[in-house]
Amino acid sequence: MNKSIKGVLIRKNVSLKKFNTFRVNAKASEFYVPETINGFIDLIKLLNEKDKRYLILGGGSNILFLDKVIEFPIIYTGFFSRIEHTSHNILAYSGARVIDTVKYAYKNAFTGLEFLYGLPGSIGGAAYMNARCYEHSVSEFIDSVGIIDDNIEYMHIGNNECRYDYKRSIFQDKKYIILDVRFKLNKSSKKLIKPEMNKYLKDRKTKHQFKYPSAGSTFLNDYNTNMIAGKVIDSINMRGVRLGGAMVSPYHANFIVNYNNASGYDILNLMRKVKEEVYNQKGITLNAEVRIISNDKEAKL
């Protein structure tokens, strides 16, 4: 698609290595960076008119690119990174980094988001996946989400309309595009907030979560049956198992990491191996948390 769109940067053959936390070396044949909401809307309208498949890409923290070249359009939200506040809440645009949003909350003495400190990815991705860690989900603190809806119009929907559940949301089922997230937070003292932030960051470092590129947790837990994926994988001694450049983390069994220039297929095939071994030895079917992105729409775990 060569047509220029006002308010949208258009680039070709862009390396996606720095745009995914696995650091898989893929390329985007078409890479779009909307700079305005109107430009974003015009781009989506044009792609829909052409019936083109596309991917909205934020921080890339839950994405696995399989192919060396992604042949459909990638729309990067990084330009939408503004964060602002009122006396009652914080509004973070979808491209804002989670870590920057937590820092902004601290700077302005808002409490609630400390558990996210050190988490990679963008606010849009966190709202999309309902990011969860340390027994908290980001949805607990979301007041409303600004979206481009099915009619390609910009509007806000409330928390209850987002259908949040464990790492689930309406955004995984509908073609809503997240543009901003409004957080409802309480005011506190910066002297109390900072130690909480540091506690979570220290724990992540202690668990070596930053030692190798990864997407964080690979498989979902099932709290209905008290199935914790990391514990199950650990019970069949799969830490350190390697396939190509991919490895089950020696420090956290539910992390599959890129330890040596892994391809997307190295990581996918190791995910498949872990899933197969868990099923064969424990009779448990693991479901992936990571989104698998391929030119082949049928590609899956």
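Please keep in mind that the model is predicted.

Five strands form an open sheet in the order 7-8-14-12-13, and their pairing is antiparallel. Strand 7 and strand 13 (154-158) each have a single partner strand and stand at the edges, so one side of each has no neighbour in the sheet. From one strand to the next, the twist averages 20°. Strand 12 and strand 14 are joined by six bridges in the antiparallel sense; I147, for instance, has I178 in strand 14 as its bridge partner.

Two helices deserve attention here. Helix 1 (residues 37-49) lies across strands 12, 13 and 14, and runs at about 140° to strand 14. Helix 2 lies across strands 7, 8 and 14, and runs at about 30° to strand 7.

Which residues of helix 2 are buried? They are V98, T101, V102, Y104 and A105. Viewed down the helix axis, these buried residues fall within an arc of 160°, so they line one face of helix 2. Among the elements that cover them are strand 8 (89-93), helix 3 (123-129) and helix 4 (190-206). Just after helix 2, A109 takes a positive phi of about 60°.

Beyond its neighbours within four places in sequence, V181 is in contact with residues including I90, I123 and I142.

Terms used
Residues are numbered from 1 along each chain as its sequence is written. This is a predicted model: local features need pLDDT of at least 70, side-chain atom pairs count only at pLDDT 80 or more; totals for chains, interfaces and linings use all residues. Side-chain values use heavy atoms; hydrogens and water are left out. Buried means under 20% relative accessible area, exposed over 50%, partly exposed in between (1.4 Å probe, protein chains only). Helices (H or I, at least four residues) and strands (E, at least two) are DSSP runs, numbered from the N terminus. The arc is that of the directions from the helix axis to the C-beta atoms. Contact means heavy atoms within 4.5 Å. Two strands pair if DSSP finds at least two bridges between them. Axes are lines fitted to C-alpha atoms, for helices over the stretch in contact, and angles run from 0 to 180 degrees between N-to-C directions.
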